Amino acid sequence: MNRVEREKKARITCAACDSLCCQLTVVLEERDTIPAHLTTRLPSGLHVMAKDEDGWCVALDGQQMRCRIYASRPIVCRSFVMGGPYCRAERDEHARQKDRTIALQLT
Ligand code: SF4
């Protein structure tokens, strides 16, 4: 890993997280014990965490950007690796969208 990669990785911490993964579709497993009012079913039949009107998981505390059911969060959330490839891909895509928005505002 080179210096730039090390610095980029070092910036990904719980304290500096935008919780972007909490906008992804969280597919629940049978072993998950999530209160029913926080979940929904997609037309495909998949049992997932429900989202609010802005696309965030309903279990996310939007003020603190913290999971309100952290201790009993879904298995897929537990296995999501902070700073891992999927996390980095989401962050990169988010940054690209931000850049596009800024570029559009400047034109
Ligand atoms: S359950 Fe918690 S960790 Fe999982 S997406 Fe929702 S807010 Fe994020």
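Helices (H or I, at least four residues) and strands (E, at least two) are DSSP runs, numbered from the N terminus. The model is predicted: local features need pLDDT of at least 70, side-chain atom pairs count only at pLDDT 80 or more, and totals for chains, interfaces and linings use all residues. Residues are numbered from 1 along each chain as its sequence is written, and side-chain values use heavy atoms, with hydrogens and water left out.

**Figure 1. Overall fold of the protein.** Three helices and four strands are present, and along the sequence they follow the pattern α-β-β-β-β-α-α. Of the 107 residues, 21% count as buried (under 20% relative accessible area; exposed is over 50%, partly exposed in between; 1.4 Å probe, protein chains only). Among contacts (heavy atoms within 4.5 Å) between residues at least 6 apart in sequence, 48% join residues at least 24 apart.

**Figure 2. The largest nonpolar core and methionine 49.** Eight residues make up this core: Val26, Leu28, Ile34, Leu38, Met49, Cys57, Ala59 and Ile69. A nonpolar core is a set of buried Ala, Val, Leu, Ile, Met, Phe, Trp, Tyr and Cys residues joined through side-chain atoms within 4.5 Å. Not counting residues up to four places away in sequence, methionine 49 touches Val26, Leu28, Ile34, Leu38, Thr39, Thr40, Cys57, Ala59, Ile69 and Pro74.

Figure 3. Leucine 28 lies in the loop between α1 (3–10) and β1 (39–41). With a relative accessible area of 11%, leucine 28 is buried. Its contacts, leaving aside neighbours within four places in sequence, are Ile34, Thr39, His47, Val48, Met49 and Pro74. From leucine 28 to arginine 41, 13 residues along the chain, the C-alpha separation is 9.9 Å. Arginine 31 is also placed in the loop between α1 and β1, but counts as exposed at 63% relative accessibility.

**Figure 4. The largest pocket.** Its volume is about 800 Å³. Of the 31 lining residues, Cys21, Cys22, Tyr70, Cys77 and Phe80 are the closest to the centre. The elements giving two or more residues to the lining are β4 (66–67), α2 (75–79) and α3 (85–106). By class, the lining has 23 nonpolar, three polar and five charged residues (Ala, Val, Leu, Ile, Met, Phe, Trp, Tyr, Cys and Pro count as nonpolar, Asp, Glu, Lys and Arg as charged, and the others, Gly among them, as polar). On a 1 Å grid over the protein atoms alone, a pocket is an open set of points where a 1.4 Å probe fits, with protein on both sides within 12 Å along at least five of seven lines; lining residues have an atom within 4 Å of a point. Points are joined across faces, edges and corners, and a volume is the space filled by probe spheres set on them.
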